[in-house]
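Dear colleague,

I am passing on the structure below, together with notes on what was found in it. Please read the notes with the coordinates open.

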Amino acid sequence: RSLTPMELVVTFLGAHVVPKEADDANAYADLVLDELLPRVVEEELAEFHDITCERGLFTSEQASRMLERSSAVGIPTRTHADAWAPSEGWSTSVAGAAVSAEHLTFTPDEEIRDMGQTDTFAVLLPAAELIYMTDTRANARLFVDNNVPVAIATDYCSSIHATSLVLTIALAAPWFRISPGEAIVGATLNAAYSLHRGHDRGSIDVGKRGDLVILDCEHPNELCLAFGAPLVVGVVTGGHPVHGAAARLA
């Protein structure tokens with residue numbers, strides 16, 4: 001954290017995959033819950049516990065057990081769900097009161113309708129769906145129509161080097177058939193709330209900390225028309241310029 005002026009939100013990915021050396025998923029889930037998670041909570045190493053609920057990794061029943069234990073020890077949860085096949089990931093996340101569920105590419109429409117309105121955020125990742133060349137995409141419109149808060153993220157990781165949130169917003173609108181405004185809100189205010197940061201960032205309001213990306217763009221809708229254009233002219237973190245002309249003069 002000392003290497004960047006940005007504030008990082010750390011999540012514990014103990015149950016992200018099943019290691020090769022583990023006997024099976026059940027045994028590894030026991031290890032996470034009995035040994036790793038208590039240590040993370042005791043030493044305050046992370047703000048969230050990230051749990052996978054995916055076919056071939058952790059079942060809905062195993063994920064539910066981890067969601068329940070995480071709630072009991074007081075650490076909020078996020079889930080990796082329905083990324084490459086329906087896994088009951090969305091319903092498991094909502095039933096387990098997860099703060100968010102990420103991917104949701106293959107969440108069945110009937111499952112979205114059955115769960116209805118919820119406080120669990122649907123975090124959608126357009127770059128992941130494009131890079132993995134999936135034959136479907138998350139049904140963002142149906143989530144929105146069922147009053148589910150939708151967030152948009154890059155899915156930057158070891159296999160997806162998508163670092164540009166601006167480009168991600170530009171992709172999200174046409175890819176998910178949502179408006180530019182919905183994509184922008186998903187990547188800013190809704191994303192902040194999904195990280196328990198909505199009270200002081202995610203929008204330009206008096207009293208918030210002043211995290212801003214300044215774009216050379218006459219209208220917000222133009223974000224979704226300027227793929228790859230160098231729109232970013234400044235970045236402000238906590239009220240302090242850290243990139244662009246203002247930062248060079250500070």
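Two strands are taken to pair if DSSP finds at least two bridges between them, and the strands themselves (E, at least two residues), like the helices (H or I, at least four), are DSSP runs numbered from the N terminus. This is a predicted model, in which local features need pLDDT of at least 70 and side-chain atom pairs count only at pLDDT 80 or more, whereas totals for chains, interfaces and linings use all residues. Residues are numbered from 1 along each chain as its sequence is written, and side-chain values use heavy atoms, with hydrogens and water left out.

With that in place, β8 and β9 run antiparallel and are joined by four bridges, and Val236 stands opposite Pro241 in β9. Both strands belong to an open, antiparallel sheet of three strands in the order β7-β8-β9, where β7 (212–215) and β9 (240–244) are the edge strands, each pairing on one side only.

His49 is found in strand β2 and is buried, with a relative accessible area of 0%. Leaving out residues up to four places away in sequence, its contacts (heavy atoms within 4.5 Å) include Phe12, Val32, Leu37 and Ile75. Leu45, by contrast, lies in the loop between α1 (25–42) and β2 (48–53) and is partly exposed at 45% relative accessibility; beyond its neighbours within four places in sequence, Leu45 is in contact with Val10, Arg39 and Val40.

Turning to charged side chains, a salt bridge here is a side-chain nitrogen of Lys or Arg within 4 Å of a carboxyl oxygen of Asp or Glu, and by this rule the count comes to 13. In one of them, Arg197 meets Glu7 at 3.2 Å, N to O; Arg197 lies in the loop between α9 (189–194) and β7 and Glu7 in the segment before β1 (11–15), so the pair ties together parts that are 190 residues apart in sequence. Arg197 is buried at 11% relative accessibility, whereas Glu7 is partly exposed at 39%. Both residues belong to a network of salt bridges that also links Glu47, Asp200, Arg201, Arg209 and Asp211.

How values were computed:
Buried < 20%, exposed > 50% of the residue type's maximum accessible area, 1.4 Å probe, protein only.
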